[in-house]
Amino acid sequence: MLHGIIFDMDGTLTKPNVDFAAIEREIGAKTGFIIEYAEKSSPEERIRALSILERYEAQAAIESELNEGVCEILEVIDKKNIKKALLTRNSRKSVKTVLHKHGLHFDFIATREDTIKPKPAPDPIFMLSKQMNIHTDYLLMVGDYKYDIMCGKAAGAKTALLKYKEYIETEVLPDFEISNIRELIHIIEHYEKAHQNL
Ligand SMILES: [Mg+2]
């Protein structure tokens with residue numbers, strides 16, 4: 001059975017709209033992932049890089065649009081009494097902006113301020129698993145990037161990759177692939193059937 005579903009935010013609940021190339025240009029270095037770059041940098045550079053990131057994220061949150069089917073699937077999950085959580089490398093402030101803008105509510109939220117190690121480390125899922133009081137065996141991690149899948153697998157959770165047409169990820173294999181978030185209903189039903197057949 002699935003007792004909980006953990007959602008990535010950017011690109012999963014919302015359409016991808018954080019311009020990481022522009023952030024990198026403004027920082028003025030080949031940063032790769034900004035959070036990891038900031039961690040490796042001097043305290044001054046860390047503050048500068050994160051403040052640039054936060055400015056872009058804040059703007060992206062204000063302009064955010066939900067992916068098609070998100071409201072419907074969240075309703076289905078609530079009706080089935082499956083707990084839902086949000087797990088993002090984004091800031092708590094941007095998460096609040098996005099949830100408020102679209103009238104969404106999550107009881108369990110892990111942002112980059114909440115855990116020592118962000119995705120792809122499993123730590124944020126372990127934290128959510130404790131808060132939700134659900135063993136990771138019964139959790140599904142849903143995301144649009146390999147870090148979501150790596151994080152879910154390392155934590156022992158089930159994983160579903162939301163795939164965009166132009167995005168073909170081959171480094172890590174998810175348990176499920178979906179091309180629209182509504183397809184989560186098939187995964188939920190798959191586990192319901194498996195449970196009924198026990
Ligand atoms: Mg994402």
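Select L140 first: in this predicted model, L140 touches L2, I5, A157, K158, A160 and I187, leaving aside residues up to four places away in sequence.

The largest nonpolar core has 35 residues, and the members that touch the most others are I6, I125, L140, M141 and V142. Nonpolar side chains tend to be buried together in soluble globular proteins. Now select I34, A38, I52 and L53; they are among the 6 residues of another core, which lies apart from the largest one.

Return to I125 and show helix α6, residues 123–132. Its buried residues are P124, I125, L128, S129 and M132. Look down the axis of α6: these residues line one face of the helix, because they fall within an arc of 140 degrees. An α-helix has 3.6 residues a turn, so residues three or four places apart point the same way.

Finally, colour the chain by domain. Domain 1 covers 4–15 + 65–196, and domain 2 covers 20–62. Their C-alpha centres are 24 Å apart. Where the two touch, domain 1 contributes 9 residues and domain 2 contributes 6 residues. On the domain 1 side of this contact there are 2 nonpolar, 4 polar and 3 charged residues.

Note on methods: Residues numbered from 1 in each chain as written. Predicted model: local features only at pLDDT ≥ 70, side-chain atom pairs only at ≥ 80, totals over all residues. Buried ≥ 20, exposed ≤ 12 C-beta atoms within 10 Å, placed from the backbone. Helix = DSSP H or I, 4+ residues; strand = E, 2+ residues; numbered from the N terminus. Arc of directions from axis to C-beta. Core = buried A, V, L, I, M, F, W, Y, C linked by C-beta atoms within 7 Å. Contact = placed C-beta atoms within 7 Å. Domains from an automatic or database assignment. Nonpolar A, V, L, I, M, F, W, Y, C, P; charged D, E, K, R; others polar.
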